[in-house]
Structures are given as C-alpha cells and as structure tokens.
Amino acid sequence: MDIEAGRTFSFAKELVAPPGCTVSSKLARPDGAPLGFALAAGTDISAESYATPKLVLVQGGSLELYASGGEATTLRAGELAVTPVDVPVGVRTGVGCGYVEVNVGREARMNEVLKAGEVLRLADLLPYQDGSIVNMDLAHNAGMKLALMSFDAGQGLSEHSAPGEAIVFALDGEATIGYEGEEHLIHAGENFKFDAGGRHYVRADKRFKMALLLTLGE
C-alpha cells in the first residue's frame with residue numbers, strides 16, 4: 001500500500017483483500033516499520049509464535065486472535081491487543097478485516113495498561129480535560145512510538161516537523177490537520193500520514209482524540 005502523505009484516507013477502504021485472499025503491505029520505509037493487513041471474509045493467517053510482542057490495531061471489520069489451544073479474542077475497529085511472547089497466535093475473520101501490526105521489539109517500553117491478550121478500545125483509554133491536551137505514551141522503542149492524545153475544543157499542536165514518518169489514527173470527534181500549507185478535515189475512523197520533515201499542525205475545533213504512530217527516522 002503506497003500511502004501518499006498530505007491527504008485524509010481510510011485503511012479500511014483502501015487496503016482491501018481480493019476474495020479468498022490476505023494482503024500485507026509495509027506502511028513506512030524504515031526496517032521494522034508497521035505493516036498493514038487486509039483479510040477477505042473467511043480467511044486466516046495461521047498461528048505463529050514470536051520472541052517479542054506485537055500490537056494489533058484493527059481499522060475495519062472484525063478479527064479473532066486465536067491460540068493453538070483454541071482460545072480466541074475478538075477485536076473490532078478502534079480496538080487494540082498485544083500478542084503474547086512465545087505463544088502461537090493466529091488471525092482469522094468471518095466478515096473481513098483490516099488491521100495494522102507493529103512489532104514492539106525486545107527493548108521497548110510499554111505502558112502498564114497494555115497486557116497481553118486483553119482488548120483495549122483506544123478512545124476509552126484517556127479522557128478529555130477542559131482547556132487541555134492529554135497525552136499517553138503506549139509503546140516506545142528505538143524505531144517507533146505509539147501515543148494517544150485528546151484535545152479539548154480549541155486546543156491544538158503548533159506547526160512543527162518530525163524526523164520520521166507518522167500516521168494519525170482519528171479515534172473520536174474531528175479536527176483540522178495542516179500539512180505543508182494546506183488544511184484537511186479528519187473524522188473518527190480516518191487516517192492521515194506525514195512524511196519525514198513534513199511541516200504540520202493539529203487544530204481541534206471540536207473535541208478530538210487520536211493515536212499517533214511515529215517512526216523514528218531511517
């Protein structure tokens with residue numbers, strides 16, 4: 001999936017698997033970057049085990065994370081789960097789904113709210129606060145950072161740039177994103193990408209929550 005920076009888009013609508021197929025696509029340039037997956041209805045990715053945890057963030061439809069022993073956990077759009085270490089886990093869907101997978105790595109620091117096997121609705125993890133921006137770092141390693149932010153109406157981030165690519169996941173409400181001199185409206189369920197060095201700002205004319213996945217350079 002070739003994501004063009006500087007426009008509002010939807011993973012669920014643009015990363016789609018042909019009938020009976022699964023699709024994976026790298027979402028940023030650095031090694032270890034997040035992957036986007038699309039599974040057609042009735043497909044699966046068989047169980048595999050990994051030495052490090054992975055974050056699974058569902059963008060559309062629903063999926064089941066299932067263990068080789070038969071236990072299954074259902075995730076829907078806007079929900080996240082952490083895979084356990086050294087336990088075979090697979091993915092399957094009856095209705096079709098799209099999701100983003102992030103390899104956290106051995107050296108990562110993860111917020112204590114993230115527990116393997118538990119389903120979290122990202123928009124519910126942090127509150128709105130009058131006249132403020134609330135921030136929560138979920139996971140951070142040498143190559144990436146996943147954070148949540150909530151903006152009260154009238155709050156925002158001043159124009160700045162970052163050394164790596166970044167993807168916004170709008171979780172609640174709506175906001176205006178300024179990028180390289182143009183403004184774009186973003187609503188819950190939509191996404192936006194910044195290129196490395198791209199100048200951008202966020203203005204919440206209404207209350208707004210987002211997740212930000214930042215890759216920390218090449």
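What follows is a chat about the fold, one hairpin, one asparagine and some salt bridges.

Me: What kind of model is it, and how are residues numbered?
Reply: This is a predicted model, where local features need pLDDT of at least 70, side-chain atom pairs count only at pLDDT 80 or more, and totals for chains, interfaces and linings use all residues. Residues are numbered from 1 along each chain as its sequence is written, and side-chain values use heavy atoms, with hydrogens and water left out.

Me: How much of the protein is buried?
Reply: Buried residues make up 48% of the 218. Buried means under 20% relative accessible area, exposed over 50%, and partly exposed in between (1.4 Å probe, protein chains only).

Me: Switching to the hairpin: which strands form it?
Reply: Strand 15 and strand 16, with two residues between them. Strand 15 covers residues 166–179 and strand 16 covers residues 182–187; they run antiparallel, joined by six bridges. Pairing here takes at least two DSSP bridges between two strands.

Me: Is Asn 191 buried or exposed?
Reply: Asn 191 counts as buried because its relative accessible area is 0%. Asn 191 is found in strand 17, residues 191–194.

Me: Which residues is Asn 191 in contact with?
Reply: Leaving aside neighbours within four places in sequence, the contacts of Asn 191 include Arg 7, Phe 9, Phe 11, Gln 59, Val 168 and Ile 186. Contact means heavy atoms within 4.5 Å. A polar atom of the Asn 191 side chain also lies 3.5 Å from the backbone oxygen of Val 168.

Me: Now charges. How many salt bridges does the structure hold?
Reply: Eleven. Each is a side-chain nitrogen of Lys or Arg within 4 Å of a carboxyl oxygen of Asp or Glu.

Me: Which one does Arg 92 make?
Reply: Arg 92 meets Glu 64 in a salt bridge, 2.7 Å from N to O. That pair links distant parts of the chain, with Arg 92 in strand 8 (residues 89–92) and Glu 64 in strand 5 (residues 54–67), 28 residues apart.

Me: What about Glu 183?
Reply: Glu 183 and Arg 203 meet in a salt bridge, 2.9 Å from N to O. The two are 20 residues apart, Glu 183 in strand 16 and Arg 203 in strand 18 (residues 200–203). Glu 183 is partly exposed at 46%, and Arg 203 is partly exposed at 31%.

Me: Last one: which residues are linked in a network of salt bridges?
Reply: Glu 4, Arg 7 and Glu 14. Between Glu 4 and Arg 7, the closest N and O atoms are 3.8 Å apart. Glu 4 counts as exposed at 52% relative accessibility, while Arg 7 is partly exposed at 24%.

Key
Helices (H or I, at least four residues) and strands (E, at least two) are DSSP runs, numbered from the N terminus. A polar contact is a pair of N or O atoms within 3.5 Å; within protein, one must be able to donate a hydrogen and the other to accept it, and residues adjacent in sequence count only if both atoms are side-chain atoms.
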